[in-house]
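Visitor: I am new here. Please show me around, one question at a time.

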Amino acid sequence: MQLFDLTHPAEQRLPIVISVPHAGTEFPDDLRAELKPHLLPPDDTDWFVHQLYDFATELGIPILRARYSRWVIDLNRNPDSAPLYHDGRVITGLCTTTTFLGEPIYQDERAEVAPADVAWRRALYFAPYQQALQRLLDDTRARFGRVLLWDCHSIRRLVPAIHPGPFPDLILGSADETAAAPALIQQALEQLGSGPYSLQHNHPFKGGYITRHFGRPELEQHALQLEMAKDVYMDDNEQAYAPARAEQIRVVLRQTLLTLGQSLLDA
């Protein structure tokens, strides 16, 4: 059972690690049988994000991508399911029972996953991804002296259960400026804002568990999350990959990662 794909560059040239925790689509057979068939595959998937960032290995950056769906376990939630936000939005937990719109995903419409099942999934799926990510960060920091984790996400332009209006094109999350050095945050904002895209910082997303947990700038281990509206790189229906749109944002992403990586090398 392969839980994730780790793509190494021919040579790691930049002190950056990319994480893609929500692009997975696989399910164990027994769990798939319990879900409502009409909801599969989950619309909550971060479709094609690993494809959007596949240029990163050419820059010398490794990419870790989960294979299993976030409906199996959400790799970007607190392991104890403590809510990441307290503003009334619909919050899906470590082992969700609803979509982002609050619709039950299980055929029996259970309100929670049994604690024993949650513990089993946490051990089988959650822990190995987090451990692999930390190993990548440790190896990179040992080589370069510092490291940046870039956690990649996407979301539908409009999800009323989370936010009343349309999301901006790009949302940089720095856990209220605690997950990375101020200079790195500023450089990321400048580069992301250099293109034709609307950009916000820490609102309405400030980074999930991965950013908050792995962002330890005092140890030269920095973390930033980039949330992206799906129609930035997909078609208007947010169903299919749109190569021309994707290439436009890839130019901005490439320059952002190059700038951040060079800044870390020069530090």
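Visitor: Which residues does Ile18 touch, leaving out those up to four places away in sequence?

Guide: Keep in mind that this is a predicted model. Contact here means heavy atoms within 4.5 Å. With residues up to four places away set aside, Ile18 touches Tyr53, Ala56, Ile61, Pro62, Ile63, Leu64, Trp150, Cys152 and Leu257.

Visitor: Which element gives the most to the largest nonpolar core?

Guide: That core has 41 residues, and Ile18, Tyr53, Trp150, Met228 and Ile249 have the most contacts inside it. β2, α2, β4, β5, α4, β7 and α6 each supply at least two of its residues. The most, seven residues, come from α6.

Visitor: How many residues are in the other core that lies apart from it?

Guide: Leu31, Val72, Leu75 and Tyr129 are among its members. This other core has 34 residues.

Visitor: What covers the buried residues of α6?

Guide: Helix α6 runs over residues 243–266 and reaches 34 Å from its first C-alpha to its last. Its buried residues include Ala246, Ile249, Val252, Leu253 and Leu257. Their cover includes β2, α2, β4, β5, α4 and β7.

Visitor: Which residues lie nearest the centre of the largest pocket?

Guide: The largest pocket has a volume of about 250 Å³. Its lining has nine nonpolar, three polar and six charged residues. Of the 18 lining residues, those nearest the centre are Asp43, Asp44, Thr99, Leu101 and Arg156.

Visitor: How many charged residues line the second largest pocket?

Guide: That pocket holds about 190 Å³ of space. Its lining of 14 residues includes Ser81, Cys95 and Glu112. By class, seven are nonpolar, six polar and one charged.

Terms used
Residues are numbered from 1 along each chain as its sequence is written. This is a predicted model: local features need pLDDT of at least 70, side-chain atom pairs count only at pLDDT 80 or more; totals for chains, interfaces and linings use all residues. Side-chain values use heavy atoms; hydrogens and water are left out. Helices (H or I, at least four residues) and strands (E, at least two) are DSSP runs, numbered from the N terminus. The expected span of a helix is 1.5 Å times one less than its number of residues. Buried means under 20% relative accessible area, exposed over 50%, partly exposed in between (1.4 Å probe, protein chains only). On a 1 Å grid over the protein atoms alone, a cavity is a set of points where a 1.4 Å probe fits but cannot get out, and a pocket is an open set with protein on both sides within 12 Å along at least five of seven lines; lining residues have an atom within 4 Å of a point. Grid points are joined across faces, edges and corners, and a volume is the space filled by probe spheres set on the points. Ala, Val, Leu, Ile, Met, Phe, Trp, Tyr, Cys and Pro count as nonpolar, Asp, Glu, Lys and Arg as charged, and the others, Gly among them, as polar. A nonpolar core is a set of buried Ala, Val, Leu, Ile, Met, Phe, Trp, Tyr and Cys residues joined through side-chain atoms within 4.5 Å.
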